[in-house]
Amino acid sequence: MDASITPLPLRKKLSDFIHDTSFEKLQPNIIHHAKLCLLDLIGVSLAGGCQKAASIAQSLIPAMSGCEEVTLWGSDRTGVK
């Protein structure tokens, strides 16, 4: 490799890819898989919110100087201080 050529950092390559990608450029199977991943994320977030670990994490938010806007998905902390 030529020493005068500096490779792009991975974050630059990733940000360029994200910037240059549009919904219209995506293949139908990619869109379908992304929808499945989103549904999976929502499902495990809701199910995980019912676990003991979620209530422990929720109780740690104020103890770690978490602000009012900090919440856990699936928890109803609106107005709770």
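## Cysteines

The structure holds zero disulfides. The model is a predicted one. A disulfide would be a covalent bond between the sulfur atoms of two cysteines. Two cysteines deserve a look here. Cys 37 has a relative accessible area of 41% and is partly exposed. Cys 50 reaches 66% and is exposed.

## Fold and confidence

The chain has three helices and zero strands. Read from the N terminus, its elements run α-α-α. Helix α1 covers residues 10-20. Helix α2 takes in residues 28-48, and helix α3 spans residues 52-63.

Mean pLDDT for the chain is 79. Of its residues, 73% reach 70 or more. Among the elements, α2 has the highest mean pLDDT, at 93. Helix α3 has the lowest, at 78. Where pLDDT is low, the predicted coordinates should not be read in detail.

## Surface and burial

The chain counts 81 residues, and 6% of them are buried. Its accessible surface comes to about 7300 Å². Carbon and sulfur atoms account for 65% of that surface.

## The salt bridge

How many salt bridges does the structure hold? There is one. Asp 16 pairs with Lys 12, and their closest N and O atoms lie 2.9 Å apart. That distance counts as a salt bridge because the cut-off is within 4 Å.

Both partners sit in helix α1. They are four residues apart, so about one helical turn separates them. How accessible are the two residues? Asp 16 is partly exposed, at 26% relative accessibility. Lys 12 is also partly exposed, at 37%.

## The nonpolar patch

Which residues make the nonpolar surface patch? They are Leu 38, Leu 41, Ile 42, Val 44 and Leu 46. Together they form a patch of about 440 Å².

Ile 42 is one of these residues. Its place is in helix α2, residues 28-48. At 39% relative accessibility, Ile 42 counts as partly exposed.

Methods. Residues numbered from 1 in each chain as written. Predicted model: local features only at pLDDT ≥ 70, side-chain atom pairs only at ≥ 80, totals over all residues. Heavy atoms only, no water. Salt bridge = Lys/Arg side-chain N within 4 Å of Asp/Glu carboxyl O. Helix = DSSP H or I, 4+ residues; strand = E, 2+ residues; numbered from the N terminus. Buried < 20%, exposed > 50% of the residue type's maximum accessible area, 1.4 Å probe, protein only. Disulfide = S-S within 2.5 Å. Patch = residues over 30% accessible without salt bridge, like charges linked within 9 Å, V, L, I, M, F, W, Y side chains within 5 Å. Areas by Shrake-Rupley, 256 points an atom, 1.4 Å probe, with all protein chains shown as cover. pLDDT = per-residue confidence, 0-100.
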